[in-house]
Amino acid sequence: QVQLVESGGGLVQAGGSLRLSCTASGSIFNINAMGWYRQAPGKQRELVAAFTSSGRTDYGDSVKGRFTISRDNAKHTVYLQMNSLKPEDTAVYYCNAEIATMAEGVYDTWGQGTQVTVSS
């Protein structure tokens, strides 16, 4: 099995910054894709930023130029640096990864989510 653990959410004023972290653990052979999604109350879950299995880096339109995704492959960790935060960025942020394990196939795995609240 594999597991994703997120950290770094919280309350911040508009214009501020936060950095989220997500670390994968378990019987990892390779992480094919990894990234961040978010879901605000009453809305569908949407892409924030992700490293895709084809090698691209994708960003949601609403965060381009403000958020940056990065990774540390040795630590199986991705980060999301969020700058110039807006109240509309308020949501639960979820980490997602497609992970190939040593002997159990490929898992599409979600973290438990971390709340980000931006006050106006």
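Predicted model: local features only at pLDDT ≥ 70, side-chain atom pairs only at ≥ 80, totals over all residues.

Biologist: Where does D61 sit in the fold?

Modeller: D61 is in the loop between β6 (57-59) and β7.

Biologist: Which side chain does D61 pair up with in a polar contact?

Modeller: K64. The side chains of D61 and K64 are joined by a polar contact of 3.1 Å.

Biologist: And how far is D61 from Q13 in space?

Modeller: Their C-alpha atoms are 22 Å apart, and in sequence the two are 48 residues apart.

Biologist: New topic. How many disulfides does a search of the whole structure find?

Modeller: One disulfide is found. C22 and C95 form it, with their sulfur atoms 2.0 Å apart.

Biologist: Which parts does that pair tie together?

Modeller: C22 lies in strand β3 (residues 18-26) and C95 in strand β9 (residues 91-101), so the link ties together parts that are 73 residues apart in sequence. In general, a disulfide is a covalent bond between the sulfur atoms of two cysteines.

Biologist: Is the disulfide left-handed or right-handed, and why?

Modeller: Left-handed, because the torsion about the S-S bond of C22 and C95 is about -85 degrees.

Biologist: Are the two cysteines buried or exposed?

Modeller: C22 counts as buried because its relative accessibility is 0%. C95 is buried too, with a relative accessible area of 0%.

Biologist: What about N96, where is that?

Modeller: N96 is in strand β9. At 10% relative accessibility, N96 counts as buried, because the cut-off is under 20%.

Biologist: What does the N96 side chain make a polar contact with?

Modeller: With the side chain of D108, at 3.5 Å. Leaving aside neighbours within four places in sequence, N96 is also in contact with residues including L4, A33, M34 and W110.

Biologist: How does the lining divide by residue type?

Modeller: Seven of the lining residues are nonpolar, six are polar and two are charged.

Conventions: Residues numbered from 1 in each chain as written. Heavy atoms only, no water. Nonpolar A, V, L, I, M, F, W, Y, C, P; charged D, E, K, R; others polar. Disulfide = S-S within 2.5 Å. Helix = DSSP H or I, 4+ residues; strand = E, 2+ residues; numbered from the N terminus. Buried < 20%, exposed > 50% of the residue type's maximum accessible area, 1.4 Å probe, protein only. Polar contact = N/O pair within 3.5 Å; in protein donor to acceptor, adjacent residues only side chain to side chain. Contact = heavy atoms within 4.5 Å.
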